[in-house]
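Hello,

Here is the structure I promised to pass on. Have a look at it first, and then read my notes below.

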Amino acid sequence: MIELNELHSPADIKGLDNRELEQLSDKLREALLKKLSAHGGHVGPNLGVVEATVALHYVFNAPEDQMVFDVSHQSYVHKMLTGRIGAFIDPARYDEVTGYTSPGESDYDLFEIGHTSTSISLATGLAKARDMKGGHQNVIAFIGDASLGGGMALEGLDYAPTLGSNIIIVVNDNQMSIAENHGALYGHLARLRETDGQAPDNIFKALGYEYVYVKEGNDIERLIDAFSKVKDADHAVVVHINTMKGQGLPVAEVNKENFHFAGPFDLKTGAPLHGGSSESYTDMFAERMLAHIEDNSEVAVLTAGTPGAFGFSESRRLRAGKQFIDVGIAEQDCVTMAAGLAKGGTRPVMGVVATFFQRAYDQLSHDVGINNLPAVFVEFYPGMFGMNDVTHLGFFDVAMVSNIPNIVMLSATNAEEYQAMIDMAVAQTSHPIVIRTPGGAVRHSDRPVDTDFFRYEVVERGEEIAVIAEGAMFARASEAVDLLRKQGLKPTLINPRILSSVDKKCLDSLAGYRHVVTVEDGIVDGGFGQKVAAYLSPRGVKVTCLGLAKEFIDRFDVKELMEANGLTPEAIAATACK
């Protein structure tokens with residue numbers, strides 16, 4: 001029997017029999033549980049596909065046969081089998097690999113992937129390139145049932161059979177998204193499961209696929225048999241496997257939503273090892289919106305498959321009832337549905353993770369912006385204080401969103417301002433509004449909230465030097481201003497609040513200033529600071545824009561990133577003095 005530290009490539013498992021493959025799967029799952037409980041990561045998705053991943057690499061010949069994992073947050077076992085086992089069995093090496101496929105790590109990983117519903121389209125491109133070059137390798141897209149409901153996945157599913165050549169789509173059906181699945185497709189998948197794949201109204205067959213169903217999707221022998229039958233097919237095939245999300249960890253099998261992704265946890269109880277803050281902006285948003293829902297039957301909260309990201313737990317979803325709408329992992333549909341709801345006279349508020357907002361850029365511009373519909377979008381985890389994987393960066397939202405005509409983009413600096421922005425956005429019907437949830441720990445302020453958010457807030461009036469800082473950077477800028485005062489200077493401190501336009505009256509009051517410094521939690525290019533500079537520079541005012549460089553970075557340390565970009569209080573103060 002092969003030991004885990006002897007795994008160097010998929011070739012090492014080719015000679016194993018079914019019993020040995022089962023034993024290997026058990027060892028892989030055990031190693032996964034040890035790492036995940038200590039380190040955190042995507043728990044349920046990876047535990048559920050241990051056997052399927054072993055079977056794929058046993059039957060197919062990667063990297064010649066090309067595998068694309070949708071989202072790729074379920075690729076841990078794939079990494080364990082392709083030369084990266086040390087990062088899963090040696091605690092000192094846990095951080096050597098990312099949580100997603102990464103070509104920089106291995107030739108077995110074809111793409112950096114972290115967003116959903118892309119695998120089929122990527123696979124069709126690989127298959128077409130193969131055909132154009134006269135190749136014969138298998139191309140496999142491995143996609144979960146939740147991702148299958150995304151618009152791009154359905155577009156790819158529609159197109160793939162027209163290639164007339166080998167493309168194999170493995171549908172990993174664990175009956176779950178991050179939370180529960182939503183959409184008519186899932187009733188159809190349920191009928192296929194209930195009839196052992198024999199239901200007459202089979203969408204895959206209707207589209208021209210050969211269809212294979214594996215009832216026991218965590219059974220090595222049955223998976224190997226199914227994959228062997230379709231290997232080297234000269235047409236499009238769907239292999240539909242019925243798996244258990246969280247397989248092998250009872251608490252994850254029962255609490256699938258909580259264990260989609262988890263920080264370090266106790267293996268026996270599932271309890272988190274590190275307690276979080278008792279107060280969060282996500283809970284604040286959820287409770288605020290529940291109050292609006294209870295007060296107004298025309299208020300609706302929408303999500304594209306990520307309700308937990310903004311505090312809407314299962315119990316809160318039940319409280320909201322029909323006024324909570326989950327369209328599944330389909331941001332384009334969600335944004336445009338919000339436009340339709342606004343046109344219909346209701347008050348839609350979409351909660352969305354900043355990195356996923358970019359998936360619906362055209363809808364935000366075309367359907368919401370052009371029509372100037374008063375839908376509300378509240379962003380979570382923007383800037384540098386959110387997620388830090390290269391596929392999940394929230395740095396680019398201001399540059400993308402604030403420059404769309406008609407859209408008002410607001411950024412809060414504290415809890416009181418944040419809640420007031422939500423209330424104002426829900427009440428007004430003149431504009432589409434995007435609100436940035438502050439990053440980092442919850443901050444409070446005893447300053448009265450001026451709810452005219454189209455105007456800058458002059459927090460402290462000084463002379464010669466002004467610091468204008470938005471959102472999560474306001475606290476750092478305040479510390480910088482304190483440092484400047486200690487040097488005998490009298491700086492002006494401004495909270496801009498609105499990022500999509502400038503407050504000309506406020507900026508005109510700075511016309512005689514020696515230096516204005518803008519500070520933002522996002523990239524400088526296209527950000528709010530450049531709007532300020534464009535207005536003040538022709539008036540002879542020197543403006544320095546501080547923020548992040550326009551680059552893709554992976555698994556960064558926030559402190560190091562702030563230091564590298566001159567965003568610490570000391571660096572801001574030094575810049576202001578120049």
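S15, helix H22 (residues 528-536) and S16 form a β-α-β unit that is right-handed. Please keep in mind that this is a predicted model. The two strands of the unit, S15 (residues 515-523) and S16, run parallel and are joined by 6 bridges, with Val519 standing opposite Leu546 in S16. Strand S16 (residues 542-548) is mostly covered, with 5 of its 7 residues buried.

Both strands belong to an open sheet of 5 strands, ordered S12-S14-S13-S15-S16, with mixed pairing. Strand S12 (457-460) and S16 are at the edges with a single partner strand each, so one side of each has no neighbour in the sheet. On average, neighbouring strands here are turned by 25° against each other, direction ignored.

Helix H24 (residues 569-577) lies across S13, S15 and S16, at about 145° to S15.

Elsewhere, do look at helix H15. The buried residues of H15 are Glu331, Cys334, Val335, Ala338, Ala339 and Ala342. Seen down the helix axis, they fall within an arc of 140°, so they line one face of H15. They pack against several elements, including strand S6 (299-303) and helix H17 (361-369). Just after H15, Gly345 takes a positive phi of about 95°.

Enjoy exploring!

Terms used. Residues are numbered from 1 along each chain as its sequence is written. This is a predicted model: local features need pLDDT of at least 70, side-chain atom pairs count only at pLDDT 80 or more; totals for chains, interfaces and linings use all residues. Side-chain values use heavy atoms; hydrogens and water are left out. Buried means under 20% relative accessible area, exposed over 50%, partly exposed in between (1.4 Å probe, protein chains only). Helices (H or I, at least four residues) and strands (E, at least two) are DSSP runs, numbered from the N terminus. The arc is that of the directions from the helix axis to the C-beta atoms. Contact means heavy atoms within 4.5 Å. Two strands pair if DSSP finds at least two bridges between them. A crossover is right-handed if, with the strands pointing away from the viewer, the path from the first strand over the helix to the second runs clockwise. Axes are lines fitted to C-alpha atoms, for helices over the stretch in contact, and angles run from 0 to 180 degrees between N-to-C directions.
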